[in-house]
Amino acid sequence: MAPGVRRRTPGLRREELAVLAGVGVTWYTWLEQGRDINPSPEVLSGLARTLRPDEAETAYLFRLAGCATWPAEPAGGEVPPALLRLVRAQAPAPTFLVDTDWDIRGWNAAAEALFSFSQWSPAECNLAWVVFANEVHRARTVDWERHARRTLAELRAAYGERGEGSPAAARLAALIRRLRASFPEADRWLDEHQVTERVGTAKELRHEVVGELRIDQVVLRAPGGFQLVVFSPRDEQSARRMGRLVPGAAPA
């Protein structure tokens, strides 16, 4: 705000807040009074940008207003070193970090041995893309079609949470278009309009060197919108075999 008269109390006036948020003063007054005016996600986002709440406070604002969606964390930010240390500490369990756009932002040696993430360009090192494009891992995954369909259902649910027209939704929409254009199976299955929450699942892999791996894919949410994905062995035999993915790794 431009400098003005000296203020008796700190903070924004109601009129200033309305201007900065891009809404009318009367409408904003009604919002403060709790009237039934049904604020849109765009208006709530404007208020959040002005008031600068943190992620939890923003989510709370949207819930109080009866809005089902709130802005996703922006992707592309720096990965906290503590999260990268946590990823490495999961060895020998393959573990990687995914951001809000499903881009894979960090992984440990076991995940590299299983997925070869380093061979993908930054534009292609994306979880949804790798599920379809990594032919080696497709061949290793028992009932790959079921898991690929689940991935698309999770991706569609993530898109729906962001609210149509938002920049975050536009980024996932672009990813979905790329999947449709590049993989006929994805194009067909996306038309089924299935949605599911991303909470992890049980998997079986048939690795050509270490043998069968029975795992629980665990998905943990981390600050900054990151998700920690851990391939946890389901039994002792799988744990021993998993330890052989990286020569010299500590026993499971």
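On α10, the face turned away from the buried side carries the exposed residues P167, R177 and A181. A quick caution: this is a predicted model.

Now the other side of α10. Which residues of α10 are buried? They are A168, A169, L172, A173, L175, I176 and L179. Look down the axis of α10. The buried residues fall within an arc of 160 degrees, so they line one face of the helix. Here is the background. An α-helix has 3.6 residues a turn, so residues three or four places apart point the same way.

What do the buried residues of α10 pack against? Their partners are α7 (127-133), α9 and α11.

Are the two partners buried or exposed? R171 counts as partly exposed, because its relative accessibility is 34%. D101 is buried, with a relative accessible area of 11%.

Side chains of opposite charge can pair when their charged atoms come close. How many salt bridges does the structure hold? It holds 16.

Let's visit strand β4 next. The side chains of R214 and D235 meet in a salt bridge, again with its N to O distance given as 2.6 Å. R214 lies in strand β4 (residues 211-221), and D235 lies in the loop between β5 (227-233) and α12 (236-242). So the pair ties together parts that are 21 residues apart in sequence. R214 counts as buried, at 19% relative accessibility. The cut-off matters here: buried means under 20%. D235, at 26%, counts as partly exposed.

D216 and R234 meet through their side chains, at 3.5 Å from N to O. D216 is in strand β4, R234 is in the loop between β5 and α12, and they are 18 residues apart. D216 is partly exposed, with a relative accessible area of 31%. R234 counts as partly exposed too, at 36% relative accessibility. Salt bridges can also share partners. That is how E145, R149 and E192 join into one network.

On to the aromatic rings. A search of the whole structure finds eleven aromatic pairs. Take F96 and F115. Why is this pair called edge-to-face? The ring centres are 5.7 Å apart and the planes are at 75 degrees, so the pair is edge-to-face. The angle counts because planes over 60 degrees apart are edge-to-face. F96 sits in strand β1 (residues 95-98) and F115 in helix α6 (residues 109-115), 19 residues apart. Both F96 and F115 are buried.

Compare W144 and W189. This aromatic pair is tilted, with 6.0 Å centre to centre and 50 degrees between the planes. W144 is in helix α9 (residues 144-162), W189 is in helix α11 (residues 184-190), and 45 residues separate them. W144 is buried, with a relative accessible area of 13%. W189 is buried as well, at 8%.

Rings can also link up in a group. Ring pairs join F96, W107, F115, F117 and F231 into a cluster.

Charges meet rings too. The charged end of R178 sits over the ring of W129, 4.4 Å from its centre. The charged end of R198 sits over the ring of W102, 5.3 Å from that ring's centre.

Last stop: H137. Where is H137? It is in helix α8 (residues 135-140). H137 is buried, with a relative accessible area of 9%. Leaving out residues up to four places away in sequence, H137 touches L114, F115 and L205.

Key:
Residues numbered from 1 in each chain as written. Predicted model: local features only at pLDDT ≥ 70, side-chain atom pairs only at ≥ 80, totals over all residues. Heavy atoms only, no water. Phe/Tyr/Trp six-rings, centres within 6.5 Å; stacked < 30°, edge-to-face > 60°. Helix = DSSP H or I, 4+ residues; strand = E, 2+ residues; numbered from the N terminus. Buried < 20%, exposed > 50% of the residue type's maximum accessible area, 1.4 Å probe, protein only. Lys NZ or Arg CZ within 6 Å of the ring centre and 35° of its normal. Contact = heavy atoms within 4.5 Å. Salt bridge = Lys/Arg side-chain N within 4 Å of Asp/Glu carboxyl O. Arc of directions from axis to C-beta.
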